[in-house]
Amino acid sequence: MILSVAERSYLYESLKQSPPIRPDGRSVKQFRPIQTNVGFLESSNGSAKITLSDGSECIVSIKSKVIEKASIESGRDTLVDVDIEVAGQRDDSSFILNLISTLKSIYSNYISQESLSLTNRFTYKLFIDILVISNYSYPLTLISFTSYLALKNTYLPKLTSSVDDKEIEEQPTFHDYEFVKLQIQVPIIFTVAIIDNNYIIDPNSQEMEVSDNGIIIGWYDGNIISPIENVKLNDGNSKSIKPELIIKSIELVKSLGQSVIESLNAAE
Amino acid sequence: MSRFEIYSPEGLRVDGRRWNELRRFECRINTHPDSSDGSSYVEQGNSKVICIVNGPMEPSSKAEMSTSKATLKISLNVTPFSSIDRKKRSKNERRIQEIVTSLKRTFEQSIIVNKYPRTTISITLHVLALDGGLLSSITNAITLALIDAGIAMYDYISSVSAGFYNNTPLLDLNQLEESDVSFLTIGVVGKSEKLALLLLENKIPLDQLESVLAIAIAGGHRIRDLMDKEVRRHGDLRLSKLANK
């Protein structure tokens, strides 16, 4: 987004106030309204779509595959695979690769092996495919919310053969039409923009453009988790962050996390 | 030989249709009003396509600019989750590139390009689910999105595939049929019998080609009507909103 000098200074000054005056009138801890859709792709095990009020849209599909546990232990395969496609971005750009590596590490650390385990020898592998159709602000929060909804609404085929296949070599067999809902806890990621001594959650494109810096903060099951790192929200005017603002931002996310999860769960 | 009975002696196909029946066709226009100039969503059977049109706008580089007409930029994204088995496809894959080229040629003829000199029209396609008829569902989605964007066209381009199996022409093939039947995809110009697009990748006996084309054109006209209905429905909606103001 291109802002004139006057617009930029007006936005910056109003966001610097205490409390900050945001261009869309939100409070510090208020998100933009979202619109959700789940389970619209029949060929995927789980799917979700979130549309933001500014037209940003993200679609996530969860597909599964049965793999041998031995291949994960030997490092040939991973339990979770993440792929991101952002319209208008090359898929080998550093922006995309950064997003992929952040999400891959967070999901493979916090999606438990037991929740995907099938038998003693086999397990499900999840493919999380993310498609961002349009985005105007930093897409990580949008992506993580959509993936949360998709993973929470994933249905995997029901196993009918025995769980213990250590003694007798047998391939897992599945029920013809019954599915079991995947029961997992999913981490989410928040974006906080820093403007002078203020910190605001879920910055929109204007706020991002004038912000001094940005922090992404992970949240899982009531606790703050890594990644806690700063991100570039605009090209150019980035300044350093005061340490106490990092602590304050973390406190803000801590106080918000549970209510965000509750409203996402209500969307199912 | 396929495991499936493509066309039973009783005259039924794998999904229970008769030879001249289309799959369920549903479309919506103006699905992404905030993020694009024109957008559409098309479901043809189990195939689902989103099309986003931006433009006519200033080209990002002068090299792409033409002083006499608009340049078309088409990007086709077949998502890895679109097929039953997950498969990652690169945008530079030959098959994808071929489809993009034929679409470009089709729409450069169908859009009144000389009305928009020195501009680019960017068309982005996302295939969310694929069950045969890739080219036809994409073509229909582009037509609708261009109409939504208000870009001048000569007429609708409605597209449908048709195949030839065991001396019977079959209309609008799904994935299973496509893998066993030789087929062609056409794009019909409006209510005429003119074709803006014809793609035949396998063999169809020359003396049978006419019957296959005839049924495909009839199917194309039907799809044109369905698209026209949606465009008019949306037009009425816009008009009623204007009238209420």
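**Entry 1: a lysine in chain A**

Leaving aside neighbours within four places in sequence, which residues is A:Lys125 in contact with? Before I list them, a reminder to myself that this is a predicted model. I found A:Ser64, A:Lys65, A:Ile67, A:Asp77, A:Leu79 and A:Asp81 in contact with A:Lys125. I then checked where A:Lys125 sits, and it lies in strand β5 of chain A, residues 122-134.

I also looked up one C-alpha distance. A:Lys125 and A:Glu68 are 57 residues apart along the chain, and their C-alpha atoms are separated by 9.3 Å.

**Entry 2: chain A as a whole**

I stepped back to chain A and found seven helices and eleven strands. Along the principal axes, the C-alpha atoms of chain A fill a box of roughly 75 × 35 × 35 Å.

I noted that buried residues make up 37% of the 268 residues in chain A. I then took the contacts in chain A between residues at least 6 apart in sequence, and 65% of these join residues at least 24 apart.

**Entry 3: cis peptide bonds in chain A**

Which residues are joined by a cis peptide bond with omega of about -5°? They are A:Ser18 and A:Pro19. I placed A:Pro19 in the loop between α1 (5-16) and β1 (34-38) of chain A.

I wrote down another cis peptide bond, between A:Ser226 and A:Pro227, with omega about 5°. A:Pro227 lies in strand β11 of chain A, residues 223-231.

**Entry 4: chain B as a whole**

Chain B has four helices and nine strands. I read the order along the sequence as β-β-β-β-α-β-α-β-β-α-β-β-α. A compact globule of 245 residues would have a radius of gyration near 18 Å, and chain B agrees, with 18 Å. The C-alpha box of chain B, taken along the principal axes, is roughly 55 × 45 × 35 Å.

I counted burial here too, and buried residues make up 45% of the 245 residues in chain B. For contacts in chain B with a separation of 6 or more, residues 24 or more positions apart account for 71%.

**Entry 5: two helices in chain B**

How do α1 and α2 of chain B cross, and at what angle? Their axes come within 11 Å and cross at roughly 40°, with α1(B) covering residues 94-110 and α2(B) residues 134-148. The crossing of α1(B) past α2(B) is right-handed.

I listed who makes the contact: B:Ile99, B:Leu103 and B:Phe107 come from α1(B), while B:Leu135, B:Ile138, B:Thr139 and B:Ile142 come from α2(B). Sorted by class, this contact of α1(B) with α2(B) has six nonpolar residues, one polar and no charged.

**Entry 6: positive phi in chain B**

I looked at backbone angles next. B:Asn30 is not a glycine, yet has a positive phi of about 60°. B:Asn30 is in the loop between β1 (25-29) and β2 (38-44) of chain B, and with 20 C-beta neighbours inside 10 Å it counts as buried.

B:Arg118 also has a positive phi of about 60° without being a glycine. I found B:Arg118 in the loop between α1 and β5 of chain B. With 15 C-beta neighbours inside 10 Å, B:Arg118 counts as partly exposed.

**Entry 7: where the chains meet**

How many residues does the contact take from chain B and from chain A? I have 17 residues from chain B and 18 residues from chain A. On the side of chain B that touches chain A, β3 (47-57) and β5 (120-129) of chain B each supply at least two residues. β5(B) gives the most to that side, with four residues. By class, the residues on that side of chain B are seven nonpolar, seven polar and three charged.

Terms used:
Residues are numbered from 1 along each chain as its sequence is written. Chains are lettered from A and ligands numbered from 1 in the order in which they are written. This is a predicted model: local features need pLDDT of at least 70, side-chain atom pairs count only at pLDDT 80 or more; totals for chains, interfaces and linings use all residues. Two residues are in contact if their C-beta atoms, placed from the backbone, lie within 7 Å. Ala, Val, Leu, Ile, Met, Phe, Trp, Tyr, Cys and Pro count as nonpolar, Asp, Glu, Lys and Arg as charged, and the others, Gly among them, as polar. Axes are lines fitted to C-alpha atoms, for helices over the stretch in contact, and angles run from 0 to 180 degrees between N-to-C directions. A crossing is left-handed if the near helix is turned anticlockwise from the far one by less than a right angle, and right-handed if clockwise. The radius of gyration is taken over C-alpha atoms; the globule rule is 2.2 Å times the number of residues to the power 0.38. A residue is buried if 20 or more other C-beta atoms lie within 10 Å of its own, exposed if 12 or fewer, and partly exposed in between; C-beta atoms are placed from the backbone.
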